[in-house]
Amino acid sequence: MSENIIDPRREDFPIFECLGAAYLDSAATSQKPRCVIDAERDFYEKLNSNPLRGFYPLSLAATEAYENARKAVCRFIGAQSPKEIVFTNNATSAINLVAYSYGLENLTPCDRIVVSIAEHHSNMLPWQMVASKTGAELVYMKCGEHGEFSDEEIERCITPNTKLVAIAAVSNVTGAHAPLEKIISAAHSVGAVVMVDGAQSVPHLKTDVQSLDADFLAFSAHKMLGPMGVGVLYGKRRLLEEMPPFLTGGEMIESVTVKGAVYAELPHKFEAGTVNAAGAAALKAAIDYYDGVGIDNMERRELFLTKYAFDGLSAIPGVHIIGSDDHKNHTGILSFTVDGVHPHDISEILSSDGVCIRAGHHCAQPLLAHLGVHASARASLMYYNTTQEIDRFLESVSSIRRRMGYR
Amino acid sequence: MDSKSFYNEVLLDHNMNPMHKSSLPDATCRMDGVNPSCGDSLTLHLKIEDGIIKDGSFSGIGCAISQASADIMLELITGKSLDEAKRLSELFLKMIQGDATDDEIDELDEAGALRDISHMPARVKCAVLAWRTLNELISAQ
């Protein structure tokens, strides 16, 4: 292996001690290192109390663990202040928060919403809802066959009446990188805000929301070595401050009378009800793990693994990779079809050979329809995968057509 | 479940060389079926005369299991009465749930090749799509 490519510490991931299969479905959810699992358990064993409420030391310690997680996220994505970091259940609930609290409040029938055709349903359906409730026009920004967005298409879609643009930094189907700088600058030039879905980018690419100048960024902990049940919404402070609460109830108020309430300051205004403090603490452990290995080292290793799998898959007759011809524009995601074999049968055969992949429409039906593909199989890689696992995958894929009865 | 043995010859043959995947210009009725878990769809066409299924065909996109299952089903029900077709489809669903006896599975003829689906919960919806659609079509008569 090349000198610049680090070896993964497989022993850090307990699941690999019992999982015989090659796990190539990290775009669905990543595996968790022991430190993350320990952090979640430690919270319940040593700190369990309701954070932000009690005045006794245990509750203060729980609050501190929760707020330390917020600071870690703030630093990890380069936000200006922890007040810009709202914990949610997952990326979907983060995007819905923006749709309800920003979209429904600010959009009118004169306005336009631009959504990329490559969006996961989670960054598409909330905007369909906002368009239908506010009367705003919904326009889809179309990508080319390699998942790329042209300057002309960006210009065609982002018009002076555009108020919001929804775009995934990395497609969960093609792994292609959206030209975020261009899209954000085009949106800002007409006064629109941009909702970036970072679910597939934050776990794999160094993120700096300030240099990106994104208005909102959503991502999920569970795709970045962290636990399920925690997501993050980053929002520019100015925007978040002007937005009304999404959910109302406990822990998001300053004072309440029978007539009404004064809402808490950021970010608590958006965190109604008891929070997932243990999950947040475990997300901090995941961020610490990224820092320990170095996200640059992970990126390099993932690029190396992507090239290895891309080259191998490209060489198999009857196999077609969806998206870019350049492995660098796949971010560890290789969606593919096999001539004459339905993706569910591909997945079934890989499964019997001990390889876990995803098959279907990947919650991105409009993109597949746009690309003229009914469904696809998807292998997705992460830092901890090995070339041996990819070899097993490639060997199995090579045998599929023969095993389905083709000569 | 090992798919090396699961994708048996009967299933592969019906998938590769379906006898009923065609148009049926003189069909008397049709019904669409969708597998919501994967988006696969299937349209069933039947030619029914005097309560007897004279002929049938299907169209649509699906995995080997859903395609073979539809083809085997049409082979089995052609020439049968609607009541008999309904009884067989209920028997098939019983087999997929793992509740059918060997004698009952024998009645299903080649459809018995799909009996092991009962051990593959993720693929049950693929196997039953055509049969579920048939049930709806018969109920609508």
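This is a predicted model: local features need pLDDT of at least 70, side-chain atom pairs count only at pLDDT 80 or more; totals for chains, interfaces and linings use all residues.
Biologist: Which residue stands opposite Val115(A) in E4(A), and what makes the two strands a pair?

Modeller: Opposite Val115(A) stands Tyr140(A). Strands pair if DSSP finds at least two bridges between them, and E3 (residues 112-116) and E4 of chain A have five, in the parallel sense. So five against a required two makes E3(A) and E4(A) a pair. Residues are numbered from 1 along each chain as its sequence is written, and chains are lettered from A and ligands numbered from 1 in the order in which they are written.

Biologist: What makes E3 a strand, and how do you know that E3(A) pairs with E5(A)?

Modeller: Strands are DSSP runs of E with at least two residues, helices are runs of H or I with at least four, and both are numbered from the N terminus. E3(A) runs over residues 112-116. Four bridges join E3(A) to E5(A), in parallel, with Arg112(A) opposite Thr162(A).

Biologist: Why are E2(A) and E4(A) called edge strands?

Modeller: The open sheet has seven strands in the order E2-E8-E7-E6-E5-E3-E4 of chain A, with mixed pairing. E2 (85-88) and E4 (137-141) of chain A each have a single partner strand, so one side of each is left without a neighbour in the sheet. From one strand to the next, the twist averages 20°.

Biologist: What packs on the sheet, and how do you know that it touches?

Modeller: Helix H4 (residues 91-106) of chain A does, touching E2, E5, E6, E7 and E8 of chain A. Contact here means C-beta atoms, placed from the backbone, within 7 Å. The direction of H4(A) makes about 35° with that of E8(A); axes are lines fitted to C-alpha atoms, for helices over the stretch in contact, and angles run from 0 to 180 degrees between N-to-C directions.

Biologist: Why is E3(A) called largely enclosed?

Modeller: A residue is buried if 20 or more other C-beta atoms, placed from the backbone, lie within 10 Å of its own, exposed if 12 or fewer, and partly exposed in between. Five of the five residues of E3(A) are buried, so the rest of the structure largely encloses this strand. Arg112(A), Val114(A) and Ser116(A) point one way, Ile113(A) and Val115(A) the other.

Biologist: What makes the crossover from E3(A) to E4(A) right-handed?

Modeller: The chain passes through helix H5 (residues 125-134) of chain A. With the strands pointing away from the viewer, a right-handed path from the first strand over the helix to the second runs clockwise, and this β-α-β crossover is right-handed.

Biologist: How do you know whether Leu225(A) and Asp50(B) are buried or exposed?

Modeller: Leu225(A) has 29 other C-beta atoms within 10 Å, so it is buried. Asp50(B) has 6 such neighbours inside 10 Å, so it counts as exposed. Leu225(A) has a positive phi of about 75° although it is not a glycine, and sits in the loop between E7 and E8 of chain A. Asp50(B), not a glycine either, has a positive phi of about 55° and lies in the loop between E2 (40-49) and E3 (52-61) of chain B.

How values were computed: Two residues are in contact if their C-beta atoms, placed from the backbone, lie within 7 Å.
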